[in-house]
Amino acid sequence: MQTVLVAGAAGYLGRHIVVELKRRGYRVRAFVRDGRKLKQSGPFLEPAVDGLVDEVFEGDATRPETLRGLCRGVDLVVSAMGLTHPDARMTPESVDHQGNRRILEQALEAGVGKFVYVSVFHAGEMMEVETVRAHEAFVRDLESSGMEYAVVRPNGYFSDMAMFLKAARVGFMVWIGDGRSRINPIHGADLAGVTVDALEGTEREVEAGGPETFTYRELLELAFEALGKKPRILFIPLRVAEAVLSVIGRFSPKLAALGSFAVAVAGMDNCAPPHGSRRLGAFYRELSAREKRNHTTSHQEI
Ligand SMILES: NC(=O)c1ccc[n+]([C@@H]2O[C@H](COP(=O)([O-])OP(=O)(O)OC[C@H]3O[C@@H](n4cnc5c(N)ncnc54)[C@H](OP(=O)(O)O)[C@@H]3O)[C@@H](O)[C@H]2O)c1
């Protein structure tokens, strides 16, 4: 039985990858910063996976001294590790590029057979975004490392689409652009299937989106519909958003970097080859039902 190291195993995609690997009969070593996270389910309906992982390796990819022995006894590596939230101590360069590079070094040292990395769809068109540049810097390291590899390129996850539900709950949403750009987001479980297929297959680049394509306007409306609310959306022209970002950039480069990703995404179609079967409307309904249940329980406890 082959052992797979999953980096980012406590994250949205990472947890689904763990589930998929176990379904296909692999042993799983989870690389996480805090093993306790695996015991709880995640915020976007991703499952608790503590009962599925065979070994937990705790460490921090930005601290090399915590990575010794990470890949010892490991046959294959999948990394869905990345910096997805602003962090005062870390940068895309320190996590997405250098952090993954350290994992790759451990994998090379241990004689790992293949490394699958989750980067970003249409990266070449978003190189002004710091996170995308860092992802691609690692892809170049991987390509030149001599390691057998595959790069998975997803467009947008259902977990990211949850922000529309959050905004719909507030009752009002501001969106950059005219809402006519299109995207086919993918559920973590469907993408996990694609990722493990990449681990087992021979393709080096795998682009992946979900089965349904929406305009952003339709996405926003779907979120309001899931809550039974009437859509109230303000569309801000792209040029205005860019001007605001350049002002923000003078005070908060980190916030501006995040904003530049939103502007880049809002301004173009982001449709990747379709995979999987899970539907966004069902995800929205399930997520909002869970939140309602949690809300009721916490009120009953008071
Ligand atoms: N979300 C999207 O729509 C999208 C689209 C295309 C590509 N991607 C890429 O796909 C990857 C996975 O995304 P996701 O949404 O699953 O992200 P996520 O839920 O934030 O998971 C990322 C994981 O990386 C771990 N991590 C971060 N810094 C680390 C460090 N220094 N050392 C060890 N582990 C660290 C996090 O650990 P903790 O659990 O301890 O925080 C987390 O579990 C990311 O690289 C992301 O950029 C995302």
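This briefing walks through the sheet, the helix packing and an aromatic pair of the structure above.

Welcome to a predicted model, in which local features need pLDDT of at least 70 and side-chain atom pairs count only at pLDDT 80 or more, while totals for chains, interfaces and linings use all residues. Residues are numbered from 1 along each chain as its sequence is written, and side-chain values use heavy atoms, with hydrogens and water left out. Helices (H or I, at least four residues) and strands (E, at least two) are DSSP runs, numbered from the N terminus.

**The sheet**

- An open sheet is built from 7 strands in the order E3-E2-E1-E4-E5-E6-E9, with parallel pairing; two strands pair if DSSP finds at least two bridges between them.
- At the edges lie strand E3 (55–58) and strand E9 (205–208), each of which pairs on one side only.
- On average, neighbouring strands of this sheet are turned by 20 degrees against each other, direction ignored.
- Strand E5 (residues 114–118) and strand E6 (residues 149–154) run parallel and are joined by 4 bridges.
- Across this pair, Val118 stands opposite Val152 in E6.
- Helix H2 (residues 92–109) packs on the sheet, where it touches strand E1 (3–7), strand E2 (27–32), strand E4 (76–79) and E5, and its direction makes about 165 degrees with that of E5.

- Two packed helices are described by the angle between their axes and the distance between the axes.
- Axes here are lines fitted to C-alpha atoms, for helices over the stretch in contact, and angles run from 0 to 180 degrees between N-to-C directions; contact means heavy atoms within 4.5 Å.
- Helix H1 (residues 12–23) packs against helix H5 (residues 188–200) at an angle of about 60 degrees, with the axes 8 Å apart.
- H1 and H5 are therefore oblique to each other (angles under 35 degrees count as roughly parallel, over 145 as roughly antiparallel, 65 to 115 as roughly perpendicular and the rest as oblique).
- Residues of H1 in this contact include Tyr12, Leu13 and His16, and those of H5 include Gly188, Ala189 and Leu191.
- By class, the contact of H1 with H5 has 9 nonpolar, 4 polar and 1 charged residues (Ala, Val, Leu, Ile, Met, Phe, Trp, Tyr, Cys and Pro count as nonpolar, Asp, Glu, Lys and Arg as charged, and the others, Gly among them, as polar).

**Helices H4 and H6**

- H4 and helix H6 (residues 216–226) pack at about 55 degrees, and their axes are 8 Å apart.
- This pair, H4 and H6, is therefore oblique.
- Met161, Phe164, Leu165 and Ala168 in H4 meet residues of H6, among them Tyr216, Leu219 and Phe224.
- The contact of H4 with H6 has 10 nonpolar residues, no polar and no charged.

**Helices H2 and H3**

- H2 also packs with helix H3 (residues 130–143), at an angle of about 20 degrees and with axes 8 Å apart.
- H2 and H3 are therefore roughly parallel to each other.
- The contact of H2 with H3 divides into 6 nonpolar, 4 polar and 5 charged residues.

**An aromatic pair**

- The whole structure holds 9 aromatic pairs (rings of Phe, Tyr and Trp, its six-membered ring, pair if their centres lie within 6.5 Å; planes under 30 degrees apart count as stacked, over 60 as edge-to-face and the rest as tilted).
- The rings of Tyr12 and Tyr157 have centres 6.0 Å apart and planes at 35 degrees, so this pair is tilted.
- Tyr12 in helix H1 and Tyr157 in the loop between E6 and helix H4 (158–170) are 145 residues apart, and their pair links distant parts of the chain.
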